[in-house]
Amino acid sequence: MTKKTSSASKKDQEVVDEPVLTKTYLSDEELEHFRQLLLKRREEVMRDLDILRSSLSDENVEDSINSNYSMHMADHGTETMDREQRFMFIARDEKYIGYIDQALDRIRNRTYGICIKSGKPIPKKRLEAVPHTAVRIEFKQGKK
């Protein structure tokens, strides 16, 4: 049990000892790697957004064509719920695009990989998993 306590203390000590940065600790090659990763994710989300938006506009055209036919209330409720869900997905994707754009700005400003709350480096492992992140995991989890 003593080992576990000492290793936890050592880990806490490493977090405390990390320097506060104003410029990225990542090399130009690493920044380019993350830039390409972010651009790829942005392109995928934009494609999804186009599909969602076109499904909404196709549905509006179909609704105007079928407006003369009566519709069962349950069908109408289901369609309304589906439409609201698509709007929610669109809003979520637009928010994600904003996070990606902010990360790309941080790459341009050479502040990418620095936690905006503590000024300490964000581990590369976290950046690989969540390349648009601006905070260290302890801030995302609300521990600090």
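## The main core

The largest nonpolar core has 14 residues, and those with the most contacts inside it are Leu26, Phe34, Leu38, Ile107, Tyr112 and Leu127. Helix H2 (28–65) and helix H3 (73–109) are the elements that give two or more residues to this core, and H3 gives the most, with four residues. A quick note on terms: a nonpolar core here is a set of buried Ala, Val, Leu, Ile, Met, Phe, Trp, Tyr and Cys residues joined through side-chain atoms within 4.5 Å. Buried means under 20% relative accessible area, exposed means over 50%, and partly exposed is in between (1.4 Å probe, protein chains only).

Take Ile107: leaving out residues up to four places away in sequence, Ile107 touches Leu31, Phe34, Arg35, Leu38 and Tyr112, where a contact means heavy atoms within 4.5 Å. In soluble globular proteins, nonpolar side chains tend to be buried together.

## What you're looking at

This is a predicted model, so local features need pLDDT of at least 70 and side-chain atom pairs count only at pLDDT 80 or more, while totals for chains, interfaces and linings use all residues. Residues are numbered from 1 along each chain as its sequence is written, and side-chain values use heavy atoms, with hydrogens and water left out.

The chain has five helices and zero strands; these are DSSP runs numbered from the N terminus (helices: H or I, at least four residues; strands: E, at least two). Of its 144 residues, 26% count as buried. The chain exposes about 10,400 Å², with carbon and sulfur atoms supplying 56% of that (Shrake-Rupley areas, 1.4 Å probe; for residues, only the protein chains shown count as cover). Among contacts with a separation of 6 or more, 70% come from residues 24 or more positions apart.

## One aromatic pair

The count comes to one aromatic pair. Rings of Phe, Tyr and Trp (its six-membered ring) pair if their centres lie within 6.5 Å; planes under 30 degrees apart are stacked, over 60 edge-to-face, and the rest tilted. The pair is Phe34 with Tyr112, a tilted one at 5.4 Å centre to centre and 45° between the planes. Phe34 sits in helix H2 and Tyr112 in the loop between H3 and helix H4 (124–129), so the pair ties together parts that are 78 residues apart in sequence. Both Phe34 and Tyr112 are buried.

## Salt bridges

The whole structure holds eight salt bridges, each a side-chain nitrogen of Lys or Arg within 4 Å of a carboxyl oxygen of Asp or Glu. In one of them, Arg42 meets Asp101 with the closest N and O atoms 2.6 Å apart. Arg42 is in helix H2 and Asp101 in helix H3, so this pair ties together parts 59 residues apart in sequence. Arg42 is partly exposed at 24% relative accessible area, and Asp101 is partly exposed at 27%.

Arg108 and Asp105 form another, at 2.3 Å between the closest N and O atoms; they are three residues apart in helix H3, about one helical turn. Then there's Glu138 with Arg136, at 2.6 Å between the closest N and O atoms. Glu138 counts as buried at 13% relative accessibility, and Arg136 counts as buried at 4%.

The chain averages a pLDDT of 82, and 74% of the residues score at least 70; pLDDT is the predictor's confidence in each residue, from 0 to 100. Among the elements, helix H1 (residues 2–17) has the lowest mean pLDDT (46) and H4 the highest (96). Over residues 1–15 the pLDDT is below 50, and this stretch has four contacts in the model beyond near neighbours in sequence. Where pLDDT is low, the predicted coordinates should not be read in detail.
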